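Please have the sequence and the structure in view as I speak.

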Amino acid sequence: MTTRLSGAGMKGTLQKVETEEDVQRLAPHNAEAERQLLGAILVNNETFYRVSDFLEPHHFFVPPHQDVFEKIGHLIRAGKTASPITLKTFYPADAKIADLSATQFLLRLAGDAASIINAEDYGRTIYDLAIRRNLIRIGEDMVNIAFDAPIDVPPEQQIDDAERRLFELAETGRSEGGFVSFGDALTETIEMAHAAYNREGALSGISTGLRELDRLMGGLQHSDLIVLAGRPAMGKTSLATNIAYNIAQSYQAEEQPDGSIKTVNGGVVGFFSLEMSAEQLATRIISEQAEISSSKIRRGDISEAEFEKLAACAQTMQSVPLHVDQTGGISIASLVAKARRLKRQRGLDLLIVDYIQLLSGSAKNQGNRVQEITEITTGLKALAKELNVPIIALSQLSRQVESRDDKRPMMSDLRESGSIEQDADVVMFVFREEYYLSKTEPDEGSPEYEIWRDNMERLKGKAEVILAKQRHGPTGTANLHFEGQYTRFSDLAEDDHLPERYE
């Protein structure tokens, strides 16, 4: 539609002139494929089971076709025959469908039946077109909401909602869904065992780079929620950072025949650092790799040789697939959206969240911290299953640890422990007895001082990772070496071990 100036002399007027007909684009659909598939099902009800795992009534574009498919499903699932004769009883005697009686319409569908061989292809075509219509609908909603957004809905929430809807559209209702035969499940199990047999370290999961921890856990298992807890100064962030870098540094992938990329060793790591900035995290990692104290790096108190060493390490680390999000105080919904985006755009094999208590839940649970933590841990476990990656979530411990003589943490020390303990597949604690003993130094020269000094010497640089819960394996303790100046955990020497506890 355009406008033009018409009239004589100075007395011109604006007049609307139709230059072409307004044409409304129809949403993508294929009515013929819908008719032929419905006809095939009416002729042979076994055809229904070829498409029922992924096709639902709302996937049909033509409303009468939606209604017919729904009625067919009710009849067949009830063990009855679905045919034009049995279906017509569910329509009023005078019902009209596309200017035909219900009986005529159903008989015409049966006459348009496609070959049973092609039925599944027709179903996939209908499903794909429905997905395209949903994409159009999401796009229209994004535009409309952006134009006329409520005051209490910030743009970030609109983005999160759009990403959630797009990811759900990509991941749900896939035609590959449904039951898996036990034979197929066994085949997958054997393939996993074969991969573990051939993998360095013979692990079924992703290696943490720490021999003792891998021995207890078999590596980090896909879809597991792993809670790593500890009191401040125990080194839980350092351990998580070490594991993240070990895995990212070992990353190897190969292209599959279908063009997809498969990780064969290590992995792509996403790190949500809610407490520290990306720069602080990078300082810790480069300190560990270059073996230069992080405090010296921050002060600039380094020699030229040390600076060259830092530069060389930084150059090597440039290509490591470790992605850091330093947004503080984000909601579980926002974290889920960002994790989905990372998986879709760059791949993802391990997700780390530092830490649970800094996340927030939805508005409905704010003010009730127990329910909020429950929402967060349930969301993290669901995300681990959805993305099929292990998630390491760090957690604080309550202060009651400090009031006991034995400072070793227990499950009950977890803050809001009910939901954390229930949702986690693995719960492990970082514990360094050296830290607590250092705070009890007696007066030098006293009889107790010699005993204290001997115990400090035996405990120096020793750390324990206590597996208090493991859903798929044994509990136990992994003994590690900890270098505080480099914030680095590593394996103990073969002949080194934690001493017996002192009296």
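Predicted model: local features only at pLDDT ≥ 70, side-chain atom pairs only at ≥ 80, totals over all residues.

Which residue does aspartate 491 form a salt bridge with? The partner is arginine 211, and the closest N and O atoms of the two are 3.6 Å apart. This pair links distant parts of the chain, for aspartate 491 belongs to strand S15 (residues 488-491) and arginine 211 to helix H9 (residues 211-217), 280 residues apart. Arginine 211 is itself partly exposed, at 40% relative accessibility.

In glutamate 386 and arginine 340, the closest N and O atoms of the salt bridge lie 2.7 Å apart. Glutamate 386 sits in helix H15 (residues 369-387) and arginine 340 in helix H14 (residues 332-346), so the bridge ties together parts that are 46 residues apart in sequence.

The next pair lies within one helix. Arginine 124 and glutamate 120 form a salt bridge with their closest N and O atoms 2.8 Å apart. The two residues are four apart in helix H6 (residues 119-147), so about one helical turn separates them. Arginine 124 is partly exposed, at 31% relative accessible area, and glutamate 120 is partly exposed too, at 28%.

Salt bridges also join into a network, which links Lys381, Asp425 and Arg471.

Let me now turn to helix H13, residues 304-317. With 14 residues at 1.5 Å a residue, this helix should span 20 Å, and the distance between its end C-alpha atoms, 20 Å, agrees. Which residues of H13 are buried? They are Leu310, Cys313 and Met317. Viewed down the axis of H13, these buried residues fall within an arc of 65°, and therefore they line one face of the helix. Glu304, Ala305, Gln315 and Thr316 are exposed on the other side of H13. What covers the buried residues of H13? The cover includes helix H10 (236-249), helix H11 (278-290) and helix H12 (294-299).

Thank you for your attention.

Technical notes:
Residues numbered from 1 in each chain as written. Heavy atoms only, no water. Salt bridge = Lys/Arg side-chain N within 4 Å of Asp/Glu carboxyl O. Buried < 20%, exposed > 50% of the residue type's maximum accessible area, 1.4 Å probe, protein only. Expected span 1.5 Å × (residues − 1). Arc of directions from axis to C-beta. Contact = heavy atoms within 4.5 Å.
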